Amino acid sequence: MTLASSTPWVVPAADFGQWRDAARRLLQAGVPPAAVIWEDAREVQEDLFASAEAGAIRLPEPSVPPPPVRIAREDLALLERASRYRCGEGEQGRWALLYRVMWRLHQGERAAIHAADVDGRVLHQRHHAVKREAHHMHAFLRFYRDDTDGDEADARGAKRASGGEEFHAREDYQSVEESKASFIAWFEPAHDVLELGAEHFADRLGSNPFLIATPRGGVAWNGEQLDYRTPCPPAWAARARAAQTAGEDSEHALWRTYFVSTFNPARLNHRVMTQHMPQRFWRHLSEGDLIPELEARARHGGRRLAQEASVGERKGKTLPPARR
Amino acid sequence: MELIDKLSILADAAKYDASCASSGAPNRSSRGKAGLGASSGMGICHSFTPDGRCVSLLKVLLTNFCLYDCQYCINRRSSNIPRARFTPEEVVRLTLSFYRRNTISGLFLSSGIIRSSDYTMEQLIQVARLLRETHQFRGYIHLKAIPEADPRLLEEAGRYADRLSANIELPTLTSLKTLAPEKQLGTIHSAMGQIRQGIDAANDAATQEAKHPPRSDNPKRMAPRYAPGGQSTQMIVGADTTDDRTILQSAEQLYQRFRLKRVYYSAFSPIPERPAGLPQAAPPLLREHRLYQADFLIRGYGFAAAELLGKPGNLALDIDPKLAWALTHRDTFPLDLNRAEPALIARVPGIGLRSVQRLVELRRHRRIRFQDLIALRCRIEILRPFVVTQDYRPADGQRDSARLRQQLTAPQPAQMALW
Ligand code: SF4
């Protein structure tokens with residue numbers, strides 16, 4: 001055994017870019033996966049994160065001349081997406097998995113990245129989970145009007161979040177031109193997909209500024225640029241959570257009405273619904289609390305008709321045949 | 001009437017249209033532009049109602065006043081239901097408001113026939129025009145095409161909408177005559193034909209212009225000028241005695257003749273004021289599900305409708321149509337996955353299209369082993385009797401189909417009874 005492989009290299013990486021730079025050096029120096037201990041700087045404390053950025057990492061010298069490291073563009077994208085997976089208890093670390101796949105590819109083992117391979121399989125599963133979670137974010141995040149800006153709003157949000165100050169709906173609420181309004185959302189992604197969500201919403205909302213707060217990071221869009229903050233500023237989080245619970249954005253009442261009416265009680269199907277919309281999202285949806293109620297009503301007779309009961313109670317009207 | 005009351009009535013009136021898809025639109029973004037909205041080809045389900053159906057679009061009728069008397073429809077003129085009518089501006093306001101809050105990806109607008117077909121179509125177009133031109137809305141728009149409307153109006157609708165649909169509702173002349181006396185199959189077909197021509201012409205023009213494949217960023221190239229999300233239609237299942245074979249054959253013809261993107265199947269749901277002759281039963285959801293499976297096999301797997309259902313009647317409820325086909329074609333199986341043509345692998349029950357692709361890819365590197373099927377998450381219990389791999393050959397390969405079917409069938413699923 002060589003000296004290099006007997007004392008493992010300890011390499012922290014906080015994001016994909018850092019991992020990629022380190023991995024390239026390690027591959028060029030011929031360091032096998034077993035000789036590297038990867039530290040996930042996304043999972044550890046802030047100061048460690050800072051030291052990783054300061055360039056304090058010790059890496060081996062590449063052999064001269066350094067062998068080129070090549071990877072297909074789509075495989076690189078796959079690695080990047082899969083690295084956003086948050087590993088659970090007992091799962092192998094994200095960087096170690098990526099490096100082993102990379103190492104095997106570098107050795108000419110093309111099947112290493114295939115979905116039927118021992119490593120490739122895990123990689124693809126993670127990629128799938130990340131894609132799914134990004135999709136969840138695109139789908140289930142809810143924006144609320146965020147009418148006051150900056151410090152004032154932050155203070156207000158913090159106060160309200162701590163249970164103080166009752167809110168009175170603003171009368172001019174709808175008269176404020178929506179095309180210039182700001183929006184705010186709270187979301188709890190299960191994987192590191194904040195960037196994937198933010199890019200998507202910048203495409204959608206264009207000139208409407210928005211702010212998204214999550215338990216880890218936050219992002220603000222001013223109509224031109226995305227401003228990421230890790231960790232999420234507490235004031236942002238407080239404001240976002242308050243907007244969700246305050247119920248001051250009355251447009252969500254219209255949405256709730258729509259949700260009730262578009263539901264067809266005769267087709268009640270709890271299993272399929274929860275399969276597509278896991279319960280963990282419900283409490284952050286403005287329509288979430290309606291679901292158990294609608295199901296209960298459907299079970300107690302509502303299934304007899306497709307029509308929403310409250311619509312059926314309204315006064316009806318038949319029409320004369322057309323004059324021909 | 002308050003906006004919220006209209007919404008309650010006109011969303012309820014629109015729920016019988018099964019489609020809520022926002023897929024197939026070209027790439028559009030509002031970054032750095034005035035206006036609102038994006039589309040990416042991939043549909044988004046923003047919510048699911050407790051019926052398990054996706055909410056992707058604001059799906060409403062402009063009005064549920066209607067001159068027609070289609071028997072299966074809650075909005076027919078003889079039905080004693082609350083009526084309402086949106087102004088075009090109200091629909092626009094709701095669409096933009098919901099869109100900004102991220103509860104929808106666009107609008108699906110349909111309408112009862114008021115005054116005349118042309119007038120009704122003009123109203124629908126007016127909403128789309130306001131959204132696209134006044135508000136520069138780049139989200140998804142699906143408009144209902146009123147078949148009897150002037151061709152000029154269908155032409156105009158296709159320039160604003162991502163998708164157009166004219167519903168067949170009932171696939172045979174006789175059922176249409178009995179249940180929807182004012183509708184003409186010929187008129188519906190000619191509307192579909194016109195939409196197809198519009199789409200074909202736009203696609204041809206786009207191909208001519210494009211030197212690059214259609215994923216480029218050039219907005220001109222990305223936006224064919226006519227219904228880029230294609231056209232779809234819907235058939236009602238279980239309102240009359242039409243069988244699955246007739247339904248699937250009609251669907252197949254529609255795909256071939258008009259190049260539809262999708263045919264939707266809508267299990268007939270009990271409506272208030274049910275006219276005589278229509279079932280007062282729970283919607284046949286399992287039957288609808290089997291039709292969607294068969295439809296998918298026709299669109300994606302190269303099956304012909306006649307292969308899936310050779311005789312008059314309905315698809316089996318207890319097994320899916322692919323397994324049913326395999327059980328009647330035992331001479332094709334077991335199939336050696338290391339040798340078979342990809343198109344034939346796609347016919348193995350339990351192996352989906354994505355897995356076919358991956359298996360073919362894997363064959364280039366090494367021989368396929370049974371373990372690979374597990375790793376690819378194929379449905380092992382189902383495919384076991386039908387495949388051969390390097391290290392596996394089914395022990396029950398010789399078992400007769402009836403016994404195999406019994407073995408592969410989960411406990412008899414019954415149609416759910418309601419009362
Ligand atoms: S035309 Fe027929 S199907 Fe359409 S709304 Fe009127 S009655 Fe219903």
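Two strands pair if DSSP finds at least two bridges between them. Strands (E, at least two residues) and helices (H or I, at least four) are DSSP runs, numbered from the N terminus.

This is a predicted model, where local features need pLDDT of at least 70, side-chain atom pairs count only at pLDDT 80 or more, and totals for chains, interfaces and linings use all residues. Residues are numbered from 1 along each chain as its sequence is written, chains are lettered from A and ligands numbered from 1 in the order in which they are written, and side-chain values use heavy atoms, with hydrogens and water left out.

**Stop 1: the sheet of chain A**

Select E3 to E7 of chain A. These five strands form an open sheet in the order E3-E4-E5-E6-E7, with mixed pairing. E3 (144-145) and E7 (226-229) of chain A are the edges; each has a single partner strand, so one side of each lacks a neighbour in the sheet.

Now take E5 (210-213) and E6 (218-221) of chain A. They run antiparallel, joined by four bridges. Phe210(A) stands opposite Trp221(A) of E6(A).

Go on to Pro231(A), in the loop between E7 and helix H9 (234-246) of chain A. Its peptide bond from Thr230(A) is cis, with omega near -5°. Most peptide bonds are trans.

**Stop 2: the sheet of chain B**

Select E3 to E8 of chain B. The six strands make an open sheet, ordered E3-E4-E5-E6-E7-E8, with parallel pairing. At its edges are E3 (58-61) and E8 (262-267) of chain B, each pairing on one side only. Neighbouring strands here are turned by 20° against each other on average, direction ignored. Axes are lines fitted to C-alpha atoms, for helices over the stretch in contact; angles run from 0 to 180 degrees between N-to-C directions.

Next, E4 (106-110) and E5 (140-144) of chain B. They pair in the parallel sense over four bridges. Leu107(B) has Ile141(B) in E5(B) as its bridge partner.

**Stop 3: two backbone details in chain B**

Pick Asn102(B), in the loop between helix H2 (88-100) and E4 of chain B. Asn102(B) is not a glycine, yet has a positive phi of about 65°.

Then pick Pro334(B), in the loop between helix H11 (321-327) and strand E9 (335-336) of chain B. A cis peptide bond joins Phe333(B) to Pro334(B), with omega about -5°.

**Stop 4: the ligand**

Select the ligand. Around it are Cys66(B), Tyr68(B), Cys70(B), Cys73(B), Arg76(B), Gly112(B), Ile113(B) and Lys183(B), with a heavy atom within 4 Å as the criterion.
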